Amino acid sequence: MSHPHREIRPFASSPLPRHIAIIMDGNGRWARRRGKPRIFGHRAGAEALRRTAEACAEWGISHLTLYAFSTENWRRPEGEVRALLALLRRYLQESVADLRRRGVRLRFIGDVQRFSPALRKRMEEVAAALGGNRGLQIILALNYGGRDEIVRACRALARLAAAGEIAADDISEELFARHLDTADVPDPDLVIRTAGEMRLSNFLLWQTAYAEYYSSPVCWPDFNRLELAAAIRAFQMRTRKFGGLASPL
Ligand code: IPE
Ligand code: IPE
Ligand code: MG
């Protein structure tokens, strides 16, 4: 059988974004439109995550960050929070073999101290099991908030200063970035948000200073390689100037 969507790819003639970051939104709306409970949408969202990671690995994207749970998402009903964490546990369990085969590495950002020791242990085990891979790096943002991350970096630097290991004037953008959860990860080139929303919701505040932004109208459970290719193509047609002037052709 032919899969027309499989033919849709980013442009071969211009560079790919090195790092794509996605605010996966609209699971609840997707479920509601089908008369189903919100968790039904989260479950379908996990499939969209798999599809998206697969396409990124195949196309040679180097980093993919996925906003899976924000520091503000604890405000949701306890049952939904529990269901989301259960989905995460299951994803970690079921995906290792497939991720290993695809050459994918996994890393986590966010304040994971808030999770149970058992879940943290599983996160560490999965990351370690994939540590030898050299393909796509997936970065899962869990209990992640941009402001929280910046405050934690400040605390780490203040501790170093108090211990006399650095002076206040040693703090540069580079040193600061090295104390963020994303140390050693290139800044996102492209931020995609689904469900037509146009806000950052506390996502990668520091790192997205010069990211290109793309809003996709589809709810996350419907996101697929066609939508991803459209976002990447839109990115490939933009001119990035970083405050300077566009380079002459
Ligand atoms: C995104 O979908 C998933 C998470 C935030 C974990 P939502 O659950 O926010 O879906 P909507 O925005 O209510 O439709
Ligand atoms: C952002 O989505 C968080 C994640 C995708 C994990 P939300 O649905 O929580 O954001 P708001 O509340 O609409 O800004
Ligand atoms: Mg939402």
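Predicted model: local features only at pLDDT ≥ 70, side-chain atom pairs only at ≥ 80, totals over all residues.
1. The shell around ligand 2 includes residues from several stretches of the chain: Ile 23, Met 24 and Asp 25; Tyr 67, Ala 68, Phe 69 and Ser 70; Asn 73 and Arg 76; and Arg 193, Arg 199 and Ser 201. Strand S2, spanning residues 63-70, makes the greatest contribution to the shell of ligand 2, with four residues. Sorted by class, the residues around ligand 2 comprise five nonpolar, three polar and four charged.

2. Polar contacts to ligand 2 involve several side chains. An N or O atom in the side chain of Ser 201 is 2.6 Å from an oxygen atom of ligand 2. For Arg 199, a polar side-chain atom lies 2.8 Å from a ligand 2 oxygen atom, and for Asn 73 the separation between a side-chain N or O atom and an oxygen atom of ligand 2 is 2.9 Å. On its own, ligand 2 has 390 Å² of accessible area, of which the protein covers 76%.

3. Around ligand 1 are Met 24, Asp 25, Gly 26, Asn 27, Gly 28, Arg 29, Arg 38, His 42, Ala 68, Asn 73, Arg 76 and Leu 84. By class, this shell of ligand 1 holds three nonpolar, five polar and four charged residues.

4. The contacts of ligand 1 include both side-chain and backbone atoms. An N or O atom in the side chain of Asp 25 lies 2.9 Å from an oxygen atom of ligand 1. Polar backbone atoms are involved at Asn 27, at 3.1 Å from a ligand 1 oxygen atom, and at Gly 26, at 3.4 Å from an oxygen atom of ligand 1. The protein buries 86% of the 380 Å² that ligand 1 exposes when taken alone. Helix H1 (27-33) and helix H2 are the elements that give two or more residues to the shell around ligand 1; the largest share, three residues, comes from H1.

5. Helix H2 covers residues 38-59 and contains Ala 53. Why does Ala 53 count as buried? Its relative accessibility is 5%, so Ala 53 falls under the 20% cut-off for a buried residue. Ala 53 and Thr 65 are 12 residues apart along the chain, and their C-alpha atoms are separated by 9.8 Å.

Definitions and conventions. Residues numbered from 1 in each chain as written. Chains lettered and ligands numbered in written order. Heavy atoms only, no water. Near = heavy atom within 4 Å. Polar contact = N/O pair within 3.5 Å; in protein donor to acceptor, adjacent residues only side chain to side chain. Areas by Shrake-Rupley, 256 points an atom, 1.4 Å probe, with all protein chains shown as cover. Nonpolar A, V, L, I, M, F, W, Y, C, P; charged D, E, K, R; others polar. Buried < 20%, exposed > 50% of the residue type's maximum accessible area, 1.4 Å probe, protein only.
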